Amino acid sequence: MNRQENSEDRLQQIAWLLDKRVKSAEEETSYEPPYGDVTALNTCRVILDSVGKETLKEIAEDTIDLLETSVAIYEANGDYAFGMFSSGWCRFMDAASRALCQTEDNEEALRCGKWLCHENCWNDSAKATIETGRCTDIPCVGGIHLYGEPIYAGGRVVGAINIGYGNPPMEPERLKALAETFKVDPQDLREVAAAYASRPTFIVDLAKKRLAFSARLIGKIVERAEAEEALRKSQQEYRELFDSVSDLIFTQDLEGRFIAANSALKHLFGYEEEEIIGRKASDFMVPELRALFESEYLQRLTREGHVDGISRYYRKDGSQIYIEYRSRLIEPEHGPPYISGIGRDVTRRIAVQKEKERLESQLRQAQKMEALATLTGGIAHDYNNLLTTIMGNISLAKMELGPEESVTDLLDEAEQACMKTRDLTHRLAILSKSGAPLRKPGAIKELLTQIAAQIPADPQVHCNLLVAEDLYPIHHDPHQLRLALENILTNAVEAMPQGGTVTLEAENVRDREKQKGSGLPLKKGPYIRIMVQDEGPGIPESIMERIFDPYFSTKERGIQKGMGMGLTTAYGIIRNHDGHITVDSVPEEGTTVCIYLPACEDRD
């Protein structure tokens with residue numbers, strides 16, 4: 001008997017393989033259920049979005065290629081990711097149970113509990129598979145069987161896939177019971193059941209193995225998609241954090257070329273990302289610091305692993321900025337080493353610091369000049385008393401002696417020396433309050449014109465006089481103001497032994513213009529500004545604080561050389577006129593002296 005059954009089984013296998021009624025999977029997948037696509041209701045979308053509808057279709061086709069029954073893929077919450085009916089039996093039973101719902105709304109049909117194939121396929125098979133994490137093999141409400149496999153991704157169950165298998169029933173009683181349950185004609189059921197080609201056991205077993213493989217394949221795709229999404233999200237969060245920080249963040253290769261730069265850096269420099277990435281940071285530095293980028297920055301990073309500092313850069317618009325930076329050498333376990341750094345715009349801090357230093361220098365200068373004024377005032381008073389006595393005695397001696405006396409020549413020389421000393425005493429007196437100017441209101445345009453005309457007639461030196469037509473009148477001592485301007489102009493001319501242009505300019509200064517970022521210690525009210533500008537080599541920063549000191553000079557001493565009292569006298573005169581004097585100098589470009597003098601309140 002066993003031999004006979006084995007023979008029949010082998011004949012059944014051969015008959016199925018040779019049965020011309022069996023259609024290819026390609027022919028069968030064109031079927032669309034009459035109620036439409038229920039995957040449109042999918043709200044979970046983990047499997048559907050991770051794998052994609054077309055890929056799910058290919059996997060499903062391959063899964064039931066041997067059985068040609070039905071396959072369904074579910075999300076963990078029961079939403080359909082994919083469904084396909086290949087056999088006439090499965091299509092007929094599904095359509096009949098869907099008709100029991102008596103609604104065109106698929107969402108309502110899924111909830112009503114009358115869609116028997118769905119209820120059985122989900123609740124009894126797929127849901128149980130998801131909840132237990134194991135495969136299930138149960139009878140199908142439609143007369144065949146359901147086999148389900150869980151879909152794992154990242155150690156968790158994300159869904160299930162099940163297939164229908166087995167021969168539709170042919171017994172009259174079974175067909176009659178199914179017809180009553182599904183509200184269909186028994187004869188129609190018999191015809192549909194007879195149309196299905198029976199599969200041998202080993203084909204069913206092979207299909208179950210394919211199902212397990214398909215479940216693993218879907219899980220791997222979901223796992224990879226979730227990993228990619230997690231990476232994308234992590235990168236996005238990092239980028240958002242990277243770009244939301246107000247400080248500068250950057251990475252560089254070991255040659256100092258930018259690999260990445262956040263929005264703050266791009267915004268500060270004024271460049272687009274493609275204009276920064278791949279370029280060395282030294283490309284944006286001021287020229288005098290570029291050599292230090294290689295010798296200090298990169299070498300110290302390689303040697304010490306870190307470097308901190310402040311450097312000066314150019315923005316795209318040409319303006320200069322100061323950046324305080326901190327860079328570290330990163331040597332990851334995998335991948336090439338690189339430089340990671342942060343920076344901060346400290347341009348304002350540097351400007352405030354420089355302004356503070358400038359004001360402190362002005363304060364020290366004012367205090368020093370005040371002390372000198374007190375000292376020189378006393379010295380000038382004592383000198384005048386002594387000179388009066390000396391010059392009086394010299395005059396008396398000359399009266400007692402005849403002009404033919406040889407000693408008379410010596411007395412003449414002594415008298416001339418006293419006159420020069422008296423002039424020097426007068427200059428010292430100007431520094432003190434005892435040398436207060438005799439001021440009166442008046443215009444100074446003519447005075448400026450006369451002073452400009454007195455510049456030595458040197459074809460290599462040209463004076464450019466620019467005086468505003470509506471220049472305010474001022475309270476001034478013409479003699480002292482002339483002396484101050486002559487001293488300043490003389491310095492400007494002597495600063496250009498090879499020739500050049502001296503600019504003497506005078507203009508009105510309103511309160512707003514005067515106060516805007518100047519830090520000048522001026523009282524409120526209208527002023528005039530007299531500017532003397534040369535094209536000389538400039539004044540070294542190291543001696544800038546000493547230029548107003550008495551007897552300080554960079555020129556040689558002696559006849560026709562400097563005595564170091566020119567700027568000192570000018571400083572005292574301007575101060576006694578309630579004004580202020582500033583000196584700015586740029587190496588190799590020249591020096592600019594600005595004098596601020598209060599204008600008359602009544603300017604008519």
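Entry 1, the antiparallel sheet. I looked up E6 and E7 and found that they run antiparallel, joined by 3 bridges. I count two strands as paired if DSSP finds at least two bridges between them. Strands (E, at least two residues) and helices (H or I, at least four residues) are DSSP runs, numbered from the N terminus. Phe-250 has Ala-261 in E7 as its bridge partner.

A note on what I am reading: this is a predicted model, in which local features need pLDDT of at least 70 and side-chain atom pairs count only at pLDDT 80 or more, while totals for chains, interfaces and linings use all residues. Residues are numbered from 1 along each chain as its sequence is written, and side-chain values use heavy atoms, with hydrogens and water left out.

Stepping back, I see E6 and E7 in an open sheet of 5 strands with antiparallel pairing, in the order E7-E6-E10-E9-E8. Strand E7 (258-261) and strand E8 (306-314) are at the edges with a single partner strand each, so one side of each has no neighbour in the sheet. From one strand to the next, the twist averages 25 degrees; angles run from 0 to 180 degrees between N-to-C directions, and axes are lines fitted to C-alpha atoms, for helices over the stretch in contact. I also noted H13, which lies across E6, E8, E9 and strand E10 (338-345) and runs at about 160 degrees to E8.

The largest cavity is lined by 15 residues, and Phe-250, Phe-258, Ala-281, Tyr-313 and Tyr-325 are the closest to its centre. At least two lining residues each come from strand E6 (248-252), helix H11 (263-269), helix H13 (287-304) and strand E9 (320-330). I sorted the lining into 12 nonpolar, 3 polar and no charged residues. Ala, Val, Leu, Ile, Met, Phe, Trp, Tyr, Cys and Pro count as nonpolar, Asp, Glu, Lys and Arg as charged, and the others, Gly among them, as polar.

I found H5 (residues 88-99) packed with H9 (residues 186-195) at about 150 degrees, the axes 8 Å apart. That makes H5 roughly antiparallel to H9, a label for angles over 145 degrees. Gly-88, Trp-89, Phe-92 and Met-93 of H5 meet Asp-188, Leu-189, Val-192 and Ala-193 of H9, where contact means heavy atoms within 4.5 Å.

With H8 (residues 172-182), the axes of H5 come within 9 Å and cross at roughly 40 degrees. On the H5 side I listed Trp-89, Met-93, Ala-96 and Ser-97, facing Leu-175, Leu-178 and Phe-182 of H8.

I ended with an open sheet of 5 strands in the order E12-E14-E15-E17-E16, with mixed pairing. E12 and strand E14 (residues 500-509) run parallel, joined by 7 bridges, and Asn-464 stands opposite Thr-503 in E14.

Definitions and conventions. On a 1 Å grid over the protein atoms alone, a cavity is a set of points where a 1.4 Å probe fits but cannot get out, and a pocket is an open set with protein on both sides within 12 Å along at least five of seven lines; lining residues have an atom within 4 Å of a point. Angles under 35 degrees count as roughly parallel, over 145 as roughly antiparallel, 65 to 115 as roughly perpendicular and the rest as oblique.
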